[in-house]
Amino acid sequence: MKRTAITLILTLCTLCVSLAVSFPPMKKLNYAGQIIEGYYVDSVDGEAIAESAIIAMLKKLDPHSTYTNAEETRELTEPLQGNFSGIGIQFNMLTDTLYVIQTVAGGPSEKVGILPGDRIIYAQDSLIAGVKKKNSEIMKLLRGPKGSTARVRVMRKGVTDLIDFNIVRDDIPIYSVDAAYMATPEVGYIRISRFAESTAKEVSQALKRLKKEGMKNLIIDLEDNGGGYLNAATDIADMFLRRGDLVVFTKGDKSRLSQYTTTSNGKYTDGRLVVMVNQYSASASEILAGAVQDQDRGVIVGRRSFGKGLVQRPFPFPDGSMIRLTVARYYTPSGRCIQKPYSADDDDYYSDIIERYRHGEFSSADSVHLPDSLRYYTVRNMRPVYGGGGIMPDRFVPIDTTFYSDYYRDLVAKGTVYKFATSYIDQNRNALKKQFPTETSFVRDFSVSDEMIEQLKKAGQADGVELNEEQFAVSEPTIRRVIKALIGRDLFEQSTYFRISNDGNPVYREALQIISDPEAYNRLLNP
């Protein structure tokens, strides 16, 4: 037995020596897997080992090449595909109970009579209230194949017994335009949260509606938008640029140069355009903002964007898992590379945002020092713009910390603000609907009363947040605004939230000021 083992080891060593010169590196990985499966002392989980090896390999390449298993792949792609099959509700967990905020118009839940304010106690005969289930677990119970039935039992205010509903699941749209409204009689506002399959269509529909309402100029809000599909960004750029304008180009060592140019004159090439960005605007957001800036079509306002300019190509496996491999880099029309610097296996890559904050970049534009070697020029007006990662705004807006206090932080962290707003509308929904029949009347006339504020303070103390009157005074305007925005969202729609909360956003205020002042706007485009 000993002689056989020694012979095997010598044979393997001889084989390795004979292949040392010609053995391709990737075959070595496959060979290692065969050795482990064939000779390791214990039984092994081959799939887990293979996944670990793939993840480790990709980590050595760049921060955005990734591997996802079948379930992770589905969760990753679902928000960008524009729909999923489910029951059609927007919900939140309130004191460990699923609270229905809104039903999707025309969706399965609305059709059977589910109402805002309902609490779902059972789903598929499983108790989901008071048992501390994760949102992901609840989603699995509520979602399912189109045409299948979800059985739920609902608690409704004013009704003694639970109400049983059988809801036939259907395709539920996932919207990427969070808000579209008229900020002034001539200025429209559109907020885009992601770039998905349906985004360009949603934006087009919003533009048509705003145009009918008198829109002459437009603010596009890309703050906190982490990106998505490239074609969604280029399709939106098509709406604002002229025929033949370059939107973006990509290139890599193993991929040929690809240029994305507009195919026709956009329907919205006239009128002033301002794009809002911040440090969390990434990828497709940067492509759109970079095209608008480099083609001198509009003004960029806010803070330097994230700097995610690597092109990922999906390589799916038969089992549903997938590799998203970086194959090229994105470049703006002036030639700037959007991607910020990185090194392979860089653990500090995602903490770059924190470092930028510590170095004062979010407080002062002067903290960003860019060498002349990173200077580029816009296509039409030859304005200087800078590379080095991300999109530098034409007008810098510092982050606002004047409203911040530990007291406000703790109220938010404990969920007190949200729970209070939800509880308030739950108790006063009918009266509010009667008093404020339209969104406009609510935005204009509703105010958070002093009595409500006192109730909030007591709710905070019940949640373990000690009252600090000095800190409350610092944060009071923000607290009142957020409560009103949350109530408005629940009473009307998501757009209502931003109509109210944007008044406290300094980037929005600066964007509105610039777009409303033709001279200031033109000075930025023609320095």
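Helices α14 and α15 lie roughly perpendicular to each other. That label goes to angles of 65 to 115 degrees, while under 35 is roughly parallel, over 145 is roughly antiparallel and the rest are oblique. Helix α14 (residues 450–462) and α15 pack at about 110°, and their axes are 11 Å apart. The axes here are lines fitted to C-alpha atoms, for helices over the stretch in contact, with angles taken between N-to-C directions on a scale of 0 to 180 degrees. Helices (H or I, at least four residues) and strands (E, at least two) are DSSP runs, counted from the N terminus.

On the α14 side, the contact uses Asp 450, Met 452, Ile 453, Leu 456 and Lys 457, and α15 brings Glu 469, Phe 472, Ile 479, Arg 480, Ile 483 and Ile 487. Contact means heavy atoms within 4.5 Å. Sorted by class, the α14–α15 contact has seven nonpolar, no polar and four charged residues. In this scheme Ala, Val, Leu, Ile, Met, Phe, Trp, Tyr, Cys and Pro are nonpolar, Asp, Glu, Lys and Arg are charged, and the others, Gly among them, are polar.

## What you are looking at

This is a predicted model, in which local features need pLDDT of at least 70 and side-chain atom pairs count only at pLDDT 80 or more, whereas totals for chains, interfaces and linings use all residues. Residues are numbered from 1 along each chain as its sequence is written, and side-chain values use heavy atoms, with hydrogens and water left out.

The chain holds 18 helices and 21 strands, and its C-alpha trace spans about 90 × 65 × 50 Å along the principal axes. Of its 527 residues, 45% are buried, where buried means under 20% relative accessible area, exposed means over 50% and partly exposed is in between (1.4 Å probe, protein chains only). Take the contacts between residues at least 6 apart in sequence: 70% of them join residues at least 24 apart. The chain exposes about 27200 Å², with 52% of that supplied by carbon and sulfur atoms; the areas come from the Shrake-Rupley method with a 1.4 Å probe, and for residues only the protein chains shown count as cover.

## α15 meets another helix

Helix α15 (residues 469–491) also packs with helix α16 (residues 494–501), this time at about 160° with axes 7 Å apart. So α15 is roughly antiparallel to α16.

By class, that makes four nonpolar, four polar and three charged residues.

## A helix under cover

How many residues of helix α9 (residues 284–294) are buried? Eleven of its eleven are, and the helix counts as mostly covered. The buried set includes charged residues such as Glu 286 and Asp 294. Packed against the buried residues of α9 are α8, β13 (246–252), β15 (273–277), β16 (299–302), β18 (322–331) and β20 (384–386). After α9 comes Asp 296, with a positive phi near 55°.

Ala 237, in helix α8 (residues 230–240), is buried at 2% relative accessible area. Setting aside neighbours within four places in sequence, Ala 237 contacts Val 247, Thr 262 and Leu 288. Ala 237 and Leu 288 are 51 residues apart in sequence, yet 6.2 Å apart in space, C-alpha to C-alpha.

Thr 250 belongs to strand β13 and is buried, with 7% relative accessible area. Beyond residues up to four places away in sequence, Thr 250 touches Arg 256, Leu 257, Ser 258, Tyr 260, Val 311, Ala 328, Arg 329 and Tyr 330.

Glu 51 sits in helix α3 (residues 46–59). Glu 51 counts as buried because its relative accessible area is 18%. With residues up to four places away left out, Glu 51 touches Tyr 67 and Asn 69.

## Loop aspartates with positive phi

Asp 125 lies in the loop between β5 (119–123) and β6 (126–127), and its phi is positive, near 70°, though it is not a glycine. Asp 125 is exposed, at 61% relative accessibility.

Asp 224 is in the loop between β12 (217–221) and α8. Also not a glycine, Asp 224 has a positive phi of about 65°. Is Asp 224 buried, exposed or partly exposed? Its relative accessible area is 45%, so Asp 224 is partly exposed.
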